[in-house]
Amino acid sequence: MTSPPRCRSRRPWLVLVIAFTAVVVAAGLLDVALAQTGPFGVRPSGAPPPAPEGLVGWLLAKQAEFYRALSTTIRAAKQDGSAVVGLLGLSFVYGIFHAAGPGHGKAVISSYLVANEETWRRGIVLSFASALLQALVAITIVGIAAALLHATTRTMCGTDRVIEIVSYALIIAVGVRLLLVKGRSLLSAWQTIRHQPLPVPVGAAVTPSDHLHHDGRQDHHAHAGHVHGEFCGHSHGPAELTDLTGPGGWQRGLSAIVAVGLRPCSGAILVLVFALAQGLFWAGVAATFAMGLGTAITVAAIATLAVGARAVAARFADQRTGFGTLAIRGIELGAAVVIIVFGALLLGGYMMSERLVVVCS
Amino acid sequence: MLNRLFRCLIPALLCLSAADGTALAHPHVWVTMKSELAYAPDGSATGVRHAWTFDEMFSVFATQGLETKQKGVFTREDLAPLAEVNVTSLKEYDFFTYAKANGKKLGFNDPVDYWLEFTNGALTLHFTLPFKAPVKAPNIDLEIYDPTWFVDFAFADKDPFHLVGAPSTCKASIGRPNGNAASTAPLGEQFFNSLDASSNYGSRFANKVWVRCT
């Protein structure tokens, strides 16, 4: 069989760029994660760090502004029920800004999608499902602990801490699982390259190369486990086909949803407790869902971007030569490592998501 | 076309990932501070006294489920266990207070005289941080900030800082964080007055106190 014209050999530098990008993404995230070392790790010494500026600073300022307005709006809702509409709008916008700021949820979901070769549609579903779970967990904690049991803040902190540990351990588990699967794929891609004929000297026409590939012994060997992909590349090895895009995928997706969504947002808990104290628990519940909706939109947007970037990278990696496949597998492996690193740093307390200092020790 | 898209998408993704980390944190707790520097009769500074008023939402959260003798009224005794938790928890963060005498770092002992009061829906934590040893120095600098920005500190508009029992030759001035976009407080005249050779522009983001004795 002959390859369609668009499958002509790509320049090797493209593959290099992709491989390089994978390394940079992985290293960059690692660096970023380590740089977050807060009071639990190495204490920053000397001058205080500059407050975030630019876009991030603006996001944080807006977020703080909306958040602070929440308490006044809940109070207003006590007098005038129509203020609840404003409360919902405010919570929704707060959610959007909140998710655009720091938080491991986006990073883990994006890395998960990149590593797992997921579709953007799935990315959106994962984002919404984890945000919904997050809202439900916050409501459950406050509903049971505060409203029913009249538990103190200390008890709630303890509950929160346990959930946090379970959630971080789950993130690591999701990452390790991906690492194992992707490690195998990477090995398989590497072996395919090793079994391929030596590269034709630079300057040689493309056609003879194709000819060699398709008429050679490798062709038959390779086709045993091959599928012709959407981008005219060959997906290598049977593992990923059954394991990653098969029907059982939703169960794996569930593990990511739980890992990310289990840990409730501290802001939501504060809002719920405050609403409860004003005798407006239901308004707090509605606000929490509105917040979750806002969060989901931002996370979904970022997740879609991650999936898009991966698809473009896949397009450029000429998977036919094997090197492209190798690069893609490298990116996936890197993303899996990023998930593990995030989980480990969070679990070890070297990176904090949100902690209610002063009351939760 | 795709090539261009690829070149744009990856850096965009990198930026987003970076934003994820460098933004550190975002506050869920706002503190309005009134602080003092206390002096012994011999003119040496003995420690820092803080009165930190928490925001309404956090105050309600912190007092959730606390048993009180009278409903809705929190006495100092009712709040004692919470005050204990507060100071224990704050120790982990160095009480967010950093002191220097003539440029040299000063250590604090464990806090004393700590209690909480609940007035007008807001919780105020009072505590004193004694210096490891009383200091006699012409220049004492204080900084109050949360490096991870979980807690947003701001000096009160009224009476933000006092010297207690200080020699009459000592003057204090304060600097409020202004690089922080969340703070809407305008850059005070006091801030510029306090910008002397020893203050460094880079630390404008912390709540600063400069005590100068001539």
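In which loop of chain A is His150(A) found? His150(A) is located in the loop between helix 5 and helix 6 of chain A, where helices (H or I, at least four residues) and strands (E, at least two) are DSSP runs numbered from the N terminus. The structure is a predicted model, in which local features need pLDDT of at least 70, side-chain atom pairs count only at pLDDT 80 or more, and totals for chains, interfaces and linings use all residues. Residues are numbered from 1 along each chain as its sequence is written, and chains are lettered from A and ligands numbered from 1 in the order in which they are written.

Chain A contains 13 helices and two strands. Of its 361 residues, 48% are buried; a residue is buried if 20 or more other C-beta atoms, placed from the backbone, lie within 10 Å of its own, exposed if 12 or fewer, and partly exposed in between. Two residues are in contact if their C-beta atoms, placed from the backbone, lie within 7 Å. Among the contacts in chain A with a separation of 6 or more, 82% are between residues 24 or more positions apart.

Helix 5 of chain A comprises 29 residues, and its first and last C-alpha atoms are 40 Å apart, close to the 42 Å expected at 1.5 Å a residue; the expected span is 1.5 Å times one less than the number of residues. Just after this helix, His150(A) adopts a positive phi of about 50°, although His150(A) is not a glycine. His150(A) has 12 other C-beta atoms within 10 Å and is therefore exposed.

Two packed helices are described by the angle between their axes and the distance between the axes. Helix 5 (residues 120-148) and helix 11 (residues 266-277) of chain A pack at an angle of about 40°, with their axes 9 Å apart. The pair is therefore oblique, since angles under 35 degrees count as roughly parallel, over 145 as roughly antiparallel, 65 to 115 as roughly perpendicular and the rest as oblique. Axes are lines fitted to C-alpha atoms, for helices over the stretch in contact, and angles run from 0 to 180 degrees between N-to-C directions. Residues of helix 5 of chain A in the contact include Ala135(A), Ile139(A) and Val142(A), and those of helix 11 of chain A include Ile269(A), Leu272(A) and Leu276(A).

Pro264(A) is placed in the loop between helix 10 (249-261) and helix 11 of chain A. Pro264(A) counts as buried because it has 26 C-beta neighbours inside 10 Å. Beyond its neighbours within four places in sequence, Pro264(A) contacts Gln134(A), Val137(A), Ala138(A), Ile141(A) and Ile269(A).

Chain B has four helices and eleven strands, and 39% of its 214 residues are buried. Helix 3 (residues 76-91) of chain B has 16 residues and should span 22 Å at 1.5 Å a residue, which agrees with the 21 Å between its end C-alpha atoms. A kink of about 35° is centred on Leu82(B) in this helix; the bend at a residue is the angle between axes fitted to the seven residues ending there and the seven starting there. Leu82(B) is one of the buried residues of helix 3 of chain B, as are Leu79(B), Val85(B), Asn86(B) and Leu90(B). Their cover includes helix 6 (153-194) of chain A, together with helix 2 (56-63), strand 5 (112-119) and strand 6 (122-135) of chain B.

Phe96(B) lies in the loop between helix 3 and strand 3 (97-101) of chain B. Its phi is positive, near 55°, in a residue other than glycine. Phe96(B) is buried because 24 other C-beta atoms lie within 10 Å.
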